[in-house]
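Hi,

Here is the structure you asked for. Please open it before reading on, and keep it beside you as you go through my notes.

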Amino acid sequence: MVTNSLDIKLFRDLKQLRAQTITTAILVICGVSLLVSSWSAFQSLRSVRDSYYKNYQFADIFAEFKAAPAEIIAKIRHLDGIESAEARIVMDGLVYLKTQPEPALARFIMLTPANQSNLNKLYIRRGRLPVESTEIEIAVHEAFAEANNLSLGDTFKILIQGQSEDAKIVGITISPEFVYALNPAAPLPDDHHFGIFWLLPKPLQRMAKMKDVTNSIIAKMSKDASTGAVLERVNQVLKPYGNSGAYERKHQLSNMFVEDEIRQQKASAIITPSIFLLVAAFLTHIILSRLVAIHRPQIATLKALGYYDREISLHYMKMILIMMLVGAIPGIFLGDIIGILLTRTYQQFFHFPNLNFSLSLQAAIIGLVAGITPALLGGWSGLRAIYKLTPAEAMRAPSPPVYKPSIIERWGLQTRISIKTKMVWRNLFFRPVRLLLSVLGICAALAVIVTGGSWNDMTDFLMATQFQRQQREDMSVSFLKPLPASSIRELLNIPGILAAEGQRSVPARLIYKNHKRELGITGWPDHIQMSRKLDKDLKNIEIPDNGILLSRYFQDAWGLKVGENIDIEILEGKLPVFSTRIAAFSDDLIGLSASMKFRPLLKELKEETGYNVVTLKVDPIKSTEVYVKLKNFSQIYSVNLKKQLYLGFQESMGGLIRVFTMVLIIFALAIAIGIIYNSVRVSFSERSWEMASLRILGFSKGSVFEMLTSEIVTQISLAIIPGCLAGWGLVYLSMESIHAETFSFPVFIEPSTFAMAILVIIFALIFSLLIMLRMIGSINLVDALKVRE
Amino acid sequence: MQDNQFSEVLFSAKQLSKIYRMGEIDVHALREISLELFAGEIVVLLGPSGSGKSTLLNILGGLDNPTSGEVHYKEHNLVTATEKELTTFRREHVGFVFQFYNLIPSLTAEENVTLATEIALSPISSNLALHLVGLEDRAHHFPSQLSGGEQQRIAIARAVAKRPDILLCDEPTGALDYTTGKKVLETLLRVNSEIATLVVIITHNASIAGIADRVIKMANGRIHSVATNSKRMSVEDIQW
Amino acid sequence: MKKYFIIIIAILFVAGLLYVYLVPSPVEVEVAIVKRGIFRRSIKTDGILRSKDRYIIPAFGDGDIKRIELKVGDPVKKGAVVAQLYWDTGYLPLKSPIDGVISRVFHESAGPVRRGDQIVEVVNPRNLEIISELLTTDATQVRIGNSVTGEGWGGKDPIRAVVVRISKAGFIKLSALGVEEEKTEIIADLKDPSSEMLEHLGSNFHLDISIEIGTIENALLIPIGAIFRVGQDWAVYKIVNNRARETKIEIKVRGTDEVVIEKGLVENERIINYPGDLVKEGTRIKIK
């Protein structure tokens, strides 16, 4: 390519604009890399999930129930809309590893023999599937195997329904049903203490004492079947068997988490990068306007020489495009790296056969286009100016800018204010658009930091509220079936258990007009100390003596009112049906809840007594013995260690969030320095002539510095409050966009986050000013005066 | 020189007026000017500052539009020409020399000249142009490394490299010292004789008028007088 | 001068920001007040109401009885026929010895019975006692005369009773949590039951009972949620000048809701209930 003179000029001019190019490029790198990595992650996660589900026949319909005869599967298979179905047994129990004193909670799933198994197929990581043998062969989910360092051939005791036998690991596997290996009782994954196991029908049926009985059905729908109708039909068939309601993939626990993550990646691919790129557009606008202003004579000369407007605009357009590309291209590579890191993190939580990050071409192209867009957006007005410039005008000395008397002067205060202040003031407000853009840019930086910090704050708040204020117990146990008060007394007699409070929890279906919802109803005792309900203002929610307390959601979405009646179908035991009065609505933090007082609930259940959840305060010195003892009771179905959950969370999620916040702050710092530095630089070079004149007139270096500083400090001061508000607003918006239904999370931002945001801006300011200081010192007064433009 | 030596009319202006705004004030730069300019002649536009000389020059060069009146270059009507047509006109026919040189600071002397030759119809090589102004050994220096006089000569090289029909010079010696100024004028004369361009020189310095074929005196936006020099002086002979 | 003024303001501003950023905000806590009162030690468990007058009506001879139409809960008058036994020549009546209600029907359908077989139980629903099966280890702490409260019978006020007998014989039974335990029976008499209570109560009704096995007068009390371990000792967080101060305590007696303090705290001092992990020594406190 033959480079013409304009291109030579292009490269030389760009060299002059090194600093600005770099600061703008940093912004573009941030924006593009986030966009590219998120979008690629979103795409690869989605495609991996789709192919995994497809190739391993992930079911569409799930149903769990108390127990039904195995033949029921024939009825299900014949239902309209069902293509295939399998009946199996899912049983919870315990597993005794030699490496841990206390047993781990286990979910045992019946494996249909390999040649018959059609749905929810296992992917074998190592080893093989269990076969008939003298000892019980078992396949273990890789999450548990990795967390506990298990290998093929390891044996341990398994406990199901009071029966204890030895089992041997023959395979380490994963299943599309458990991409996210979650213990349904705990809100967070706990691979150490919860494992999923698969074994053949014979041993499972024997130990669970469920021969020819099934308690779980998975099914695939035929194409074009209507999900709602199919679910209804399945529910009809399973009604007499203690069915808690069939559900579709959308509500399958593991899939929900995967869906969520995919959706969030998609969202984050859009929101945060947009901020960076918008700011880059601001900067480009400022840079190009300044450039066109400074190059006025050059542009006029080019026009005089006979260059067309088009050619000249293209020349300047190329300049800013190159500035963008300097950021966009590294941004794509950085995005690749971030994507790989992201995938590694995913591999910890999501168990897919292969989760490799690959930078999709689509993402790279989107990144490139996005990287260039700020140039187009921001440069537009500068390019227009080029067109509008008449050469003659450009070569004339620019007319003195029109300064109208500002407000202060009209009010006659001018005598009180020094010349310097007046100059600063007028300069700022002379170009209101420029001022606005600078201020907006700083607001953006503030908003980004506040958003980042808020994630930390809200997670801390959530953890604190959940674990420090609501669930104040140390441990909680669930019983296999409801037990009388003497069970609580029994627990209190265990040395180390200091206090115990019992509750009753039942699965139920709430029905009101055409609305239906499956939900657990909790029956609370009269005096609650440990486990409490708090609303979003952290006030204690009083459980009404009569009637039921429901989440505010039901008032909004179902149109329920206090005093109205709602129908309730209990989904276990005698399956009673009753109607009760809405006593009040509660503004829960997370999730939906239904609460009644213990005794009224029991009355409706037509039972005399029955607790199935007990919260415990435990002496820390004895906590291990207590835990072991509790785990060994046959009537106790699960033991939850609050502290363990809490610490586990802190380790995994907490760390992740801290890293994320740090990255966001660094990016915001880039924005802040970019804007502040550029703003000061522009002021400086635009008025270097003025500065030189002032210096010659006798103003000291310090005075000149002071004036520049005052300008930028004013801009920052104007941006502080709107920026913090914008940050608050951004957090509010992102909260709204997540889980509208079950999340009424208050936006909670600590004052320290705002303080941090402002401190970061101040840091950026000091940094930029230090650089400026050097430049002011080196103004060559004589030269500056010579060059009028 | 006799009148009939310059017979081809390049420019003809009729009742040209130009009013422009400067801040909040209207300035009447030209008031109903009419004149004709011929190919190959040297014309000096003389007058004090504010007399409208630069404005007239700009309009002739298609850099500015008159508020009213007509101006034609040969058969082209400059008033009705579009921006693009004007640019083409400048590209193909006009060379400018400005008072403040207006060199591109990020290009070397040679590159500044090439900038013009690349878009010209039949240029001379930039080397030759530099040779013409005696600065071939400064070809790779940037404007910031050249003195005022050298910069002005580069500007001339740039203007003449295009081999334009017209050379419009706005105070070409205004910022230069005596010796350098004379050198510049010599270059202009040489160009006029070698390429037969119409050279229009704006100046407030009456002594320079001696080298011209015709002297047009302007004041307050009007043409005061048009005088013909019976004999052109050489650059050595004029003094100021 | 003005310049220095501005610089000082700026420095103060930044200092203020640093303070807000670095110093953690005060933690909201629940406050409990150390108070003096009566400490009641009690055992909470299940109890059943049982009629003191229980009569099992047996078959007086071998024969066939007709199908018994009466159901549990049906009232019968003294002398009413509750069953008919065919013996020898005809159906002879089995009569209720008291005014009462049917509490158990052993033999519902028609069919042969042998002499002595239990047919029906009739009880006096108004003469009730509470029986409860306690772990023998718990039972050893109960004394005759201990007061008992019973709840969950449907009424607002709790039923009051007094322990009258502690069985000397233990028996092995599977506990609620599935462990074999030795249990002892405790019997308590109802004390001044209101007529409303008697209206609503019946035999074999379940109660959640609380047996008061001891009181301490004038005890210094704090809620059990406030205590935590420091090494081998117990401690609480005392609130002093809006800060949490770790204070070691000596516990005299530990109940299930409250704890009696021997040493370490004084009446009316304020302590933090369920401090949680956010509270440490010196943490600034905000009272809800």
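Two residues are in contact if their C-beta atoms, placed from the backbone, lie within 7 Å. Keep that cut-off in mind for what follows. Also note that this is a predicted model.

**Chain B**

With that cut-off, take the contacts in chain B with a separation of 6 or more. Residues 24 or more positions apart account for 71% of them. Chain B has six helices and ten strands. It has 240 residues, and 49% of them count as buried.

Now find helix 5 of chain B, residues 148-161.

Is helix 5 of chain B mostly covered or mostly open? It is mostly covered, with twelve of its 14 residues buried. The buried stretch includes B:Glu150, B:Arg153, B:Ile156 and B:Ala161. These buried residues pack against strand 6 (94-97), helix 3 (109-117), helix 4 (126-132), strand 7 (166-170) and helix 6 (178-195) of chain B. Just after helix 5 of chain B, look at B:Arg163. This residue takes a positive phi of about 55 degrees.

**Chain A**

Chain A has 789 residues, and buried residues make up 43% of them. It holds 23 helices and 20 strands. Consider its contacts between residues at least 6 apart in sequence. Of these, 83% join residues at least 24 apart.

**The nonpolar cores**

The largest nonpolar core has 164 residues. Which members touch the most others? They are A:Val279, A:Ala445, A:Leu446, A:Ile671, A:Ala672, A:Ile761 and B:Ala157. Helix 2 (residues 18-55) of chain A supplies the largest share of this core, 16 residues.

Zoom in on A:Val279. Leaving aside neighbours within four places in sequence, A:Val279 is in contact with A:Leu27, A:Gly441, A:Ala444, A:Ile671 and A:Ile675. A second, separate core has 49 residues. Its members include A:Leu491, A:Ile497, A:Leu630 and C:Leu220.

**Where the chains meet**

Start with chains A and B. Their contact takes 24 residues from chain A and 22 residues from chain B. On the chain A side, helix 1 (5-16), helix 8 (296-305) and helix 11 (391-395) each supply at least two residues. By class, that side has eleven nonpolar, eight polar and five charged residues.

Next, chains C and A. This contact takes 29 residues from chain C and 36 residues from chain A. On the chain C side, the elements giving two or more residues are helix 1 (2-22), strand 2 (35-51) and strand 15 (206-223). Helix 1 of chain C gives the most, with five residues. The chain C side has 13 nonpolar, nine polar and seven charged residues.

**A sheet in chain C**

Finally, look at an open sheet of four strands in chain C. The order is 7-6-4-9, with antiparallel pairing. Which strands lie at the edges? They are strand 7 (90-95) and strand 9 (111-113) of chain C, and each pairs on one side only. From one strand to the next, the twist averages 40 degrees.

Strand 6 (residues 81-87) and strand 7 of chain C run antiparallel and are joined by six bridges.

Best wishes

Technical notes:
Residues numbered from 1 in each chain as written. Chains lettered and ligands numbered in written order. Predicted model: local features only at pLDDT ≥ 70, side-chain atom pairs only at ≥ 80, totals over all residues. Nonpolar A, V, L, I, M, F, W, Y, C, P; charged D, E, K, R; others polar. Expected span 1.5 Å × (residues − 1). Buried ≥ 20, exposed ≤ 12 C-beta atoms within 10 Å, placed from the backbone. Core = buried A, V, L, I, M, F, W, Y, C linked by C-beta atoms within 7 Å. Pairing = 2+ DSSP bridges. Axes fitted to C-alpha atoms, helices over the stretch in contact; angles between N-to-C directions.
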